[in-house]
Amino acid sequence: MSANSDANTDGEGRDVGRWLVDFLRAHGGIAGSVHFRNGDDLVLVAAHNIPPRIQEITAVVPRGKGMAGLALARGEAVQTCNLQTDDSGDVRPGAREVNANAAVALPVTDSAGRVHAIVGIAFGTEREIPTQEMITLLAGSADLPT
């Protein structure tokens, strides 16, 4: 995958990379990723504006590690107001290499309520994501091709 417009397909040939770019544009994101669940791990399948080194580091994310792994473990969105200055422990140090500020990891669930993917979106400004916007982001991420 390249850092700018990565495209990958799911098991049925749908273009997850294209979906990610469209999702980011629709919601004002400047960078993002999609991880599919594989057991207790997450596997990176698409990324946009994520540095190659970070793509390598996040190629496989264990449950509970970093924002995506925490979203998997908790079954709920994990957000930060600023990737660059977050000291909560939820943001891994490598995330600071992404040229963004506010970010959220969105769990995508199947019809049984089980998390099967995590969509990450990052924004160019520092801010807390309001409840209504979070609801919109979660609804949009549910359209992820699986």
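Contact is taken here as heavy atoms within 4.5 Å. Helices (H or I, at least four residues) and strands (E, at least two) are DSSP runs, numbered from the N terminus. The model is predicted: local features need pLDDT of at least 70, side-chain atom pairs count only at pLDDT 80 or more, and totals for chains, interfaces and linings use all residues. Residues are numbered from 1 along each chain as its sequence is written, and side-chain values use heavy atoms, with hydrogens and water left out.

The protein has four helices and six strands. From the N terminus on, these elements run α-β-β-α-β-α-β-β-β-α. Of its 146 residues, 45% count as buried. Buried means under 20% relative accessible area, exposed over 50%, and partly exposed in between (1.4 Å probe, protein chains only). The accessible surface comes to about 7000 Å², and 48% of this belongs to carbon and sulfur atoms. Such areas come from the Shrake-Rupley method with a 1.4 Å probe; for residues, only the protein chains shown count as cover. Among contacts between residues at least 6 apart in sequence, 55% join residues at least 24 apart.

Helix H4 spans residues 131-141, and its buried residues are Met134, Leu137, Gly140 and Ser141. They cover an arc of only 125° around the axis, which puts them on the same side of H4. The arc is that of the directions from the helix axis to the C-beta atoms. An α-helix has 3.6 residues a turn, so residues three or four places apart point the same way. Exposed residues Thr131 and Gln132 sit on the face of H4 turned away from its buried side. The buried residues of H4 pack against helix H1 (16-27) and against strands E4 (78-80), E5 (103-109) and E6 (115-122).

Ser141 lies in H4. Ser141 counts as buried because its relative accessibility is 0%. Neighbours within four places in sequence aside, Ser141 is in contact with Trp19, Phe23, Leu106, Pro107, Val108 and Val119.

H1 has 12 residues. From first C-alpha to last, H1 reaches 16 Å, close to the 16 Å expected at 1.5 Å a residue. The expected span is 1.5 Å times one less than the number of residues. At the start of H1, a side-chain oxygen of Asp15 comes to within 3.1 Å of the backbone nitrogen of Gly17. Just after H1, Gly28 takes a positive phi of about 80°. The buried residues of H1 are Val16, Gly17, Trp19, Leu20, Val21, Phe23 and Leu24. These pack against strands E1 (31-38) and E2 (41-48), as well as E5, E6 and H4.

Key
A polar contact is a pair of N or O atoms within 3.5 Å; within protein, one must be able to donate a hydrogen and the other to accept it, and residues adjacent in sequence count only if both atoms are side-chain atoms.
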